[in-house]
Amino acid sequence: MEPADMMAAVSSSLAERTGRPLEEWVRLVRESGLDPLQQNEVRRWLKDVHGVPQNSQWAIADAAARDAGWVEPTVEEYADALYAGSKAGLRPLHDAVVALALAQGEDTSVQGRSGYAPVVRRTQFVAVAPGPRGTLRVGFRFRDGVPEDERLSPAKGFGQATHWLHLEADADDNDVRSLEPLLEVAYAQNG
């Protein structure tokens with residue numbers, strides 16, 4: 001399910017789950033004194049003050065921010081923000097890894113997130129973002145067995161990745177192409 005479809009499904013059943021329709025929640029956020037553009041704060045307030053479940057928090061915070069004029073960045077704008085400043089040198093490596101992931105099939109797409117770039121088929125199969133100490137983090141979602149590759153480690157809270165590896169900033173085309181067998185497995189397991 002696409003994020004927009006999931007948001008629509010959550011929004012349509014909001015009154016049933018929370019006792020209030022989306023429009024009323026947006027009005028409450030507006031009247032709360034919170035900045036609706038600070039979606040983390042809005043979600044925390046919805047949870048702490050109103051006991052709103054997580055998916056509903058996201059739908060309400062998104063709707064309140066849009067009501068206040070927020071426009072979701074494009075995939076390119078999300079990537080620009082990820083690789084701003086000292087991380088700018090990682091952008092070509094990011095683009096190469098994302099291109100290789102997208103080449104796994106015509107049913108793939110890259111999405112924008114503030115903390116990483118997910119590449120999805122039916123579900124997310126890879127995530128790419130700046131990593132620690134100037135590396136590029138590449139996370140893979142393996143469902144039915146993990147390929148043998150000494151570079152892989154269990155992932156810790158990175159998108160939906162089960163395993164990850166880190167490419168050095170000076171990685172070359174051969175290093176990027178070496179990811180193809182891992183991408184093929186992750187792609188196949190998430191279709």
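Gly105 lies in the loop between helix 7 (91–102) and strand 1 (109–110). The model is predicted. Is Gly105 buried or exposed? Gly105 counts as buried, because its relative accessibility is 18% and the cut-off for buried is under 20%. His166 is 61 residues from Gly105 along the chain. Their C-alpha atoms are separated by 24 Å.

Pro181 belongs to helix 9, which covers residues 180–189. Pro181 is partly exposed, with a relative accessible area of 49%. Val71 is 110 residues from Pro181 in sequence. In space, the two are 37 Å apart, C-alpha to C-alpha.

The table sets the two pairs side by side.

| Pair | Apart in sequence | C-alpha to C-alpha |
|---|---|---|
| Gly105 and His166 | 61 residues | 24 Å |
| Pro181 and Val71 | 110 residues | 37 Å |

**Helix 4**

Helix 4 runs over residues 39–50 and has 12 residues. From first C-alpha to last, helix 4 reaches 15 Å. That is close to the 16 Å expected at 1.5 Å a residue.

Which residues of helix 4 are buried? They are Gln39, Val42, Arg43, Trp45 and Leu46. Seen down the axis of helix 4, these buried residues fall within an arc of 160°, so they line one face of the helix. An α-helix has 3.6 residues a turn, so residues three or four places apart point the same way.

What covers the buried residues of helix 4? The cover includes helix 3 (22–32) and helix 5 (54–67). The face turned away from the buried side of helix 4 carries the exposed residues Lys47, Asp48 and Val49. After helix 4 comes Gly51. The phi of Gly51 is positive, near 65°.

**The whole chain**

The protein chain has 9 helices and 6 strands. Its C-alpha atoms fill a box of roughly 55 × 35 × 30 Å along the principal axes. The chain has 191 residues, and 42% of them are buried.

Among contacts with a separation of 6 or more, 53% join residues 24 or more positions apart.

The accessible surface of the chain comes to about 10400 Å². Carbon and sulfur atoms account for 49% of that surface. The chain holds 20 positive and 29 negative charges.

Note on methods
Residues are numbered from 1 along each chain as its sequence is written. This is a predicted model: local features need pLDDT of at least 70, side-chain atom pairs count only at pLDDT 80 or more; totals for chains, interfaces and linings use all residues. Side-chain values use heavy atoms; hydrogens and water are left out. Helices (H or I, at least four residues) and strands (E, at least two) are DSSP runs, numbered from the N terminus. The expected span of a helix is 1.5 Å times one less than its number of residues. Buried means under 20% relative accessible area, exposed over 50%, partly exposed in between (1.4 Å probe, protein chains only). The arc is that of the directions from the helix axis to the C-beta atoms. Contact means heavy atoms within 4.5 Å. Accessible areas come from the Shrake-Rupley method with a 1.4 Å probe; for residues, only the protein chains shown count as cover. Lys and Arg count as positive and Asp and Glu as negative; His and the chain ends are not counted. The place of a charge is taken as NZ of Lys, CZ of Arg, CG of Asp or CD of Glu.
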